[in-house]
Amino acid sequence: MNPFTYARAEQAEDALKLAEAQGARFLGGGTNLVDLMRETIERPQSLVDVTGLSAAIEETSAGGLRIGAAARNSAVAEHRLVRTLYPVLSRALLAGASGQIRNMATLGGNIMQRTRCAYFYDDDGSRCNKRTPGQGCDAAEGFNRYHAILGASPSCVATHASDMCVALAVLDAVIHLRSPRGERTVPFVDFHRLPGETPQVETVLEPGELILTVELPANPIAKRSTYRKVRDRSSYAFALVSVAAALELDGGKVKDVRLALGGVAHKPWRALRAEEALRGREATPENFRAAAGAELIDAKPLRYNAFKIELAARTITAVLQELAEEAQ
Amino acid sequence: MRFLINGQPVEVDVDMRTSLLDLLRDHLNLHGSKKGCNQGACGACTVLADGERILSCLALAVQYQGREITTIEGIAEDGQMHPLQRAFIEHDGFQCGYCTPGQICSAIGMAAEAKRGMPSHMTRDLGAEFITLDRHEVRERMSGNICRCGAYNGIVNAISEVFVEAE
């Protein structure tokens, strides 16, 4: 690990000031950043600890929920209002990592976590455009069972590892950011980027910009939401494919639907095409399957991950069917 | 840096890069917490910070200043083994023993989480106020602690004896 200085911020203003130092990075629970620093993939010269900033989970005047970026994953997962109003978020968090890691990891840190692509981690032996821009990608022709089927580029086929972020994508969450230039909000689905030619640029966050809070808008459909994760072991493994969904029926027809996929792309994948294909249609397994097909029509398999296309289609169908049965 | 470790105030001067695990093992002579993978995959380094289970290998010591850290060396009370330590012996909850300190610290933290109503991936009703720990819940909640000897049946039996109410 390279040497660094450390400072703990108690207020957002302090954090932004401290982050003006050369090579500064914000530090949450450290469950990803500390590991990457140990591998010298991340080499910050200074760490600004932001775990002392707002971790509050509070109702907004608009009837939604605002969560401070320092809120621990376990605190969000067990919060009474998250469990009842946004069950997909609680379920996604509880499907991620382990009890110990959920006690450490923060909301902001989870959003900022980097890919678990083994070639990204293999500093000594592999080429990676994310780690060393322009170097090439050894995952594209390598063992890419865990890699992307949607939105990938020749430069990068990595996936985003977070479960929580798939739930935030389905809930139409909004991220509140602050920098020395002021505050701004970004829709969660626009926060992460597809790799394109610059896979090292993973979000729209600007240098020195800080995630303050994430806001979940009030939406009755969120109450009827869930998350399903398909993985190699029954617990404590990253997703091969995951599905976050919310469904509202009206007399056997789909009145409204929200759908997002994890484990398939460089960012949490909001499935707008599938949603569009379902609104107003009969809530049948055939229609669910057809909607999944509409979303996955552009899916491009790599050598070892073609199974993900069928797995995603079946998981989407099963999750929507589960929600439809609960609604009837 | 100042800490409260197993009830004792500790003041040490260490490099900023020192993990909580290395602080315990290399600077404070507390070798109970184990370095299995040193990358957050095995759970052998699990300790309690203010009663919450965390991975000390992924924790920078500097971030835990002023916190109360409990390791396996601080689990016994008045020279008497913790009931869970006794149960691990009773149920053969280990073979080589390397993962055991992490398993025991993790289980103590896990039981406190369940007691206050924290749901898990196995919990069917998220709205439920109380959690009933059963073997499936214990296995899910303990999935962050790997045992390469495969002593899981003994581990789950030991934890169940102490923390799962008889049906």
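A salt bridge is a side-chain nitrogen of Lys or Arg within 4 Å of a carboxyl oxygen of Asp or Glu. In this predicted model, R116(B) and E78(A) form such a salt bridge, with their closest N and O atoms 2.8 Å apart.

**Interface between chain A and chain B**

- The contact involves 40 residues of chain B and 37 residues of chain A.
- The size of an interface is often given as the accessible area lost when the parts come together.
- Between them, chain B and chain A bury about 3,200 Å², and 51% of this area lies on carbon and sulfur atoms.
- The count of salt bridges between chain B and chain A is one, formed by R116(B) with E78(A).
- Polar contacts between chain B and chain A amount to 21 residue pairs, both residues being at pLDDT 80 or more.
- On the side of chain B that touches chain A, the elements giving two or more residues are strand 4 (52-55) and helix 3 (100-115) of chain B.
- Strand 4 of chain B supplies the largest share of that side, four residues.

**Parallel sheet in chain A**

- Three strands of chain A form an open sheet in the order 1-3-2, with parallel pairing.
- Strand 1 (5-8) and strand 2 (24-27) of chain A are the edge strands, each pairing on one side only.
- On average, neighbouring strands of this sheet are turned by 25 degrees against each other, direction ignored.
- Strand 1 of chain A and strand 3 (residues 46-49) of chain A run parallel and are joined by four bridges.
- A7(A) has V48(A), in strand 3 of chain A, as its bridge partner.

**Residues with a positive phi**

- Most residues other than glycine have a negative phi.
- Y236(A), which is not a glycine, has a positive phi near 55 degrees.
- Y236(A) is placed in the loop between strand 9 (225-230) and strand 10 (241-250) of chain A.
- Y236(A) counts as buried because its relative accessibility is 8%, and the cut-off for buried is under 20%.
- N6(B), also not a glycine, has a positive phi of about 50 degrees.
- N6(B) lies in the loop between strand 1 (2-5) and strand 2 (8-11) of chain B.
- N6(B) has a relative accessibility of 24% and therefore counts as partly exposed, a class that lies between the cut-offs of 20% and 50%.

Technical notes: Residues numbered from 1 in each chain as written. Chains lettered and ligands numbered in written order. Predicted model: local features only at pLDDT ≥ 70, side-chain atom pairs only at ≥ 80, totals over all residues. Heavy atoms only, no water. Buried < 20%, exposed > 50% of the residue type's maximum accessible area, 1.4 Å probe, protein only. Pairing = 2+ DSSP bridges. Axes fitted to C-alpha atoms, helices over the stretch in contact; angles between N-to-C directions. Contact = heavy atoms within 4.5 Å. Buried area = accessible area lost by both parts, 1.4 Å probe. Polar contact = N/O pair within 3.5 Å; in protein donor to acceptor, adjacent residues only side chain to side chain.
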